[in-house]
Amino acid sequence: MAQTVRACYLALIFIIMLLLVKGEIDVCKRGDVTVKPSHVISLGSAVNISCSLKPKQGCSWYSSFNRLILYKFDRRIKLQHGHSLSSQVSGLPLGTTLFVCKLACSSSEEVRICGAEISVGVIPEQPQNLSCIQKGERGTVACTWDRGRDTHLYTAYTLQLNGPKNLTWQKQCNDHYCDHLDLGINLTPESPDSSYIAKVTAINSLGSASSFPSTFTFVDIVKPLSPWDIRIKFVNASVSRCTLQWRDEGLVLLNRLRYRPNNSRSWNMVITTIAKGRHDLLDLKPFTEYEFQVSSRLHLYKGIWSDWSEALRIQTPEEEPTGPLDVWYMKQNIDYNRQQIFLFWKNLSVSEARGKILHYRVTLLEVAGGKATLQNITEHTSWTWVIPRTENWAVAVSAANSKGSSLPTRINITDLCGAGLLAPGQVSANSEGVDNILVTWEPPGKASSAVQEYVVEWRALHPGVGPQPPLNWLRSYPYNMSALISENIKPYICYEIRVHALSGDQGGCSSIRGDSKHKAPRSGPHINAVTEEKGSILISWDEIPAQEQMGCILHYRIYWKERDSSSQPQLCEIPYRVSPNSHPLDSLRPRVTYVLWMTALTAAGESPQGNEREFCLQGKANWSTFVAPSICIAIIMVGIFSMRYFRQKVLVLLSALRPQWCSRQIPDPANSTWAKKHPIVEEKTQLPLDRLLTDRPTSEEPEPLVISEVLHQVTPVFRHGLHLKWPGKRRGVQGHYTSEEDGASSPRALTAETGQLVDLYKVLGSRGPHTKPGSPASPSMVLPVDYLPTHEGYLPSNVDYLPSREPPITDPLEELEPQHISLSIFPSTSLHPLTSCGEKLTLDRLKMGCTSLML
């Protein structure tokens, strides 16, 4: 059965070969194409190509009808009539070129006769840089070389290795681009100093070339395998001493180690001999992720290093933090005795933290006592507290990880801007690219030598409510007058920048606003209120949202115009720092409706207008319109009142308009000291004037003074005036009482002219208790009427208008004084007869008013 299958297989192969031979014959059945000198030529050589027809394969018996055409690829290069064609071709390019011969019997049809390929190439170059290597102690020998330029022809490379004891190994490479071969043999370390010679030869149709022989020993070509199983061990969990361990081949005598932090590009290199798979490292940093690799070699001075091992990445243990924290602070007064402090500090660098920072310890100290007032632990990089303003305070901040704490950083809480002499001058902020701002300043004049350092702080402006953006700062040496800030700087954001000059516990500051890139704001301010204040208006607006400001706003513009007016609007430009949220406007006319709107400007341009508001000023006319008339009226009034006649008339008019209850009040004489010291005698007792004016013995109870009623009928009269008509100085008191006898003999002494009643009281009031009887009252001691104020129930002010027996003596000068005209709106009571008490009337029962006598 097996033989039958084998026979069938061979028969199939024979049939296939026969078909192939027949196909070859069929390809060139009309003629042949020959190439001389060869189908393979060197670059630049010429070749002869001939094409001939076989018998009876032409168009006719006449050769003139046969047209033979030679093509190079698809391009016709020669045409000839007859049974054969011949052509010499030169300048062929490197590589293979196809030539085809065709027969044309008519003008349109061409029949293929035969073709040929011509290969153009070069002689192989001598192989260079032949080297051999054996990977590992149990590997095989493999050699590599440089072929040189391409021959464009089929080239065979043969590698031959000759060893001790006439041993020879040889292997050929049939690959067109052969540049390495593996002999498949293993060299052993039995004779490590034995020499081996390797050579490679290249052969093609045009020639051959061999490399220079390469001589080497076992140690020279054996490349150890890469170390494996790398690990690291930290003694006592400390980074100060650690051991790196690995595994190697047995013949390895030399190792090299390299390691670096993951964020570094440079390596630290260590060479170690006879390490036996371990090495101690003493310079690693704590809490740092490292990368370790190891390589090996069989000999101390020669041989091939192994490939680097796979990298071992591991983080070293923690250590307690080192380095002080960079602490900064702000403070804000709450009221007269409290202030709020805001502390900020930066994260320690990896080399300073030396581990994961678990928390920060903040200690509040009172400077005077040096005693810790408060201790707080926080995981954040900021802290705030409220402290009294009366004491001096200090704060200490330290960082802690799992191994310990750093040394505390202490700062005194002072007024960072309190010393005006330390304030830097000429602060400016200019853009330096998209993410940088260059801040420059001038030293603080005479105090520049006292500056110990500068601190530049910045924070994004944040209008409205919500969490404040983070505070950033950097420190600068006292000789630097500029700083490039880039941390948390973004384009189209406005930043408040402040430069502090510090000297001990004092500081001065200056501020400015700046941005790294700007353009016109996207929207305008929104007017939220328009109020009227003293003839002007106060416009209040909401700030533009931070994301629409597109930089630092430099000015606001307020536009206004009359409603339904086609004229150009008026405008008022306001610097941002002058009025960030409101501004008064006093150039509007009253009772005119205006339309108002606002815009904002940055260094790049003006924003679109905001919302429109209508407003009408309802205030009074301008006060200046009343100044001129008021001045004129005042001048006229002064001129009028400078004339005595007009003054008198006005006083009379004002006196007439005064109500009765505004009259002066006269005290009750019954309560006077004189009345108590001089008791009144009985009714029948004579009342001489001299006895009234002399001292009388005091008694416990004053005797009532009896006054006989002399007025039986009194007719109400019209009051002509309040001013009493006193007789001249020449009359005095003697005009009424001449002697003591006259007063005692006649009870009518008190019933004299009623116009004299007031004079009597004046005389009584002007006499002292030690006045001698019979002495007349001096005119100089007569008190004016105003001495006895008018009071309800005392002397009436109009007693001098009772009927008198004598006509009043008038003085011509007194007639010029104003007359009293009673125009009171209050009813004036008539003077009734004094008969309510019978025929006896005592002063302790007598009440006198402004208009009448009353009991």
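1. Two strands pair if DSSP finds at least two bridges between them. Helices (H or I, at least four residues) and strands (E, at least two) are DSSP runs, numbered from the N terminus. The model is predicted, so local features need pLDDT of at least 70 and side-chain atom pairs count only at pLDDT 80 or more, while totals for chains, interfaces and linings use all residues. Residues are numbered from 1 along each chain as its sequence is written, and side-chain values use heavy atoms, with hydrogens and water left out.

2. In general, strands of a sheet pair through backbone hydrogen bonds, either parallel or antiparallel. Here, an open sheet of 4 strands runs in the order 35-34-37-38, with antiparallel pairing. Strand 35 (472-476) and strand 38 (506-514) are the edge strands, each pairing on one side only. On average, neighbouring strands of this sheet are turned by 20° against each other, direction ignored. Strand 37 (residues 495-503) and strand 38 pair in the antiparallel sense over 9 bridges. Leu502 stands opposite Gly507 of strand 38.

3. How many aromatic pairs does a search of the whole structure find? The search finds 13. Rings of Phe, Tyr and Trp (its six-membered ring) pair if their centres lie within 6.5 Å; planes under 30 degrees apart count as stacked, over 60 as edge-to-face and the rest as tilted. The pair of Trp441 and Tyr454 is tilted, because the ring centres are 5.3 Å apart and the planes stand at 55°. Trp441 lies in strand 33 (residues 437-442) and Tyr454 in strand 34 (residues 453-460), so the pair ties together parts 13 residues apart in sequence.

4. Buried means under 20% relative accessible area, exposed over 50%, partly exposed in between (1.4 Å probe, protein chains only). Trp441 counts as buried at 2%, and Tyr454 counts as buried at 1%. Tyr556 and Tyr576 form another tilted aromatic pair, 5.9 Å centre to centre with 35° between the planes. Tyr556 is buried at 0%, and Tyr576 counts as buried at 14%.

5. A nonpolar patch on the surface includes Ile633, Phe641 and Tyr645, and its residues together have about 760 Å² of accessible area. The largest share of the nonpolar patch, 5 residues, comes from helix 5. Tyr645 lies in helix 6 and counts as exposed at 52% relative accessibility.

Note on methods:
Patch = residues over 30% accessible without salt bridge, like charges linked within 9 Å, V, L, I, M, F, W, Y side chains within 5 Å. Areas by Shrake-Rupley, 256 points an atom, 1.4 Å probe, with all protein chains shown as cover. Salt bridge = Lys/Arg side-chain N within 4 Å of Asp/Glu carboxyl O. Axes fitted to C-alpha atoms, helices over the stretch in contact; angles between N-to-C directions.
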